[in-house]
Amino acid sequence: MTFTQEQIAYLESLPAVARASATRIRYADDFRRACLERYRHGESPTALFREAGLDPKLVGYKRIERCFARWKRQELELSGGIDGGDAMTGDQAASATSRGMTPPRFSSRSAGPFRKGRFRR
């Protein structure tokens with residue numbers, strides 16, 4: 001989806017948007033935090049975007065879905081929930097292999113169930 005100059009100007013006029021270009025929207029940190037907090041309390045991502053003036057028909061439903069997935073993942077990474085110090089380094093994996101242990105094949109990022117090609121028919 002490509003935004004027109006008028007759409008970019010509109011998006012950048014919203015407090016929820018830090019920057020916008022023809023192909024990308026960078027959301028304000030306060031907006032992202034507020035969205036995640038309200039989402040945890042059961043509010044709909046689409047409703048949150050609409051309330052901020054970000055019509056899903058303009059922004060795109062898939063973009064909203066991906067934003068929340070990315071924001072949740074980033075929050076987990078920052079809190080140490082994903083690869084937050086528990087992942088093996090290359091040296092640790094080599095050491096585990098030399099002791100007869102099988103190191104994990106993938107980091108938690110690449111082994112997620114929604115990665116492309118993970119579930120094929």
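The chain exposes about 8900 Å² in this predicted model. Carbon and sulfur atoms supply 51% of that area. Of the 121 residues, 26% count as buried.

The secondary structure comprises six helices and two strands. From the N terminus, the order of elements is α-β-β-α-α-α-α-α. Contacts between residues at least 6 apart in sequence were also examined. Of these, 41% join residues at least 24 apart.

The largest nonpolar core has 23 residues. Leu-11, Tyr-27, Phe-31, Phe-49, Leu-54, Phe-68 and Trp-71 have the most contacts inside it. Two or more core residues come from each of helix 1 (5-13), strand 1 (17-20), strand 2 (25-27), helix 2 (29-40), helix 3 (45-51), helix 4 (56-59) and helix 5 (61-79). Helix 5 gives the largest share, four residues. Leu-11 illustrates the packing in this core. Leaving aside residues up to four places away in sequence, Leu-11 touches Phe-3, Val-17, Ala-20, Ile-25, Leu-54 and Leu-58.

The second largest pocket has a volume of about 320 Å³. It is lined by 16 residues. Closest to the pocket centre are Arg-24, Ile-25, Arg-63, Cys-67 and Arg-70. Strand 2 and helix 5 each supply at least two lining residues. Helix 5 gives the most, with seven. By type, the lining divides into seven charged, six nonpolar and three polar residues.

Conventions. Residues numbered from 1 in each chain as written. Predicted model: local features only at pLDDT ≥ 70, side-chain atom pairs only at ≥ 80, totals over all residues. Heavy atoms only, no water. Core = buried A, V, L, I, M, F, W, Y, C linked by side-chain atoms within 4.5 Å. Buried < 20%, exposed > 50% of the residue type's maximum accessible area, 1.4 Å probe, protein only. Contact = heavy atoms within 4.5 Å. 1 Å grid on protein atoms, 1.4 Å probe; cavity = no way out; pocket = protein on both sides within 12 Å on 5 of 7 lines; lining within 4 Å. Points joined across faces, edges and corners; volume = space filled by probe spheres on them. Nonpolar A, V, L, I, M, F, W, Y, C, P; charged D, E, K, R; others polar. Areas by Shrake-Rupley, 256 points an atom, 1.4 Å probe, with all protein chains shown as cover.
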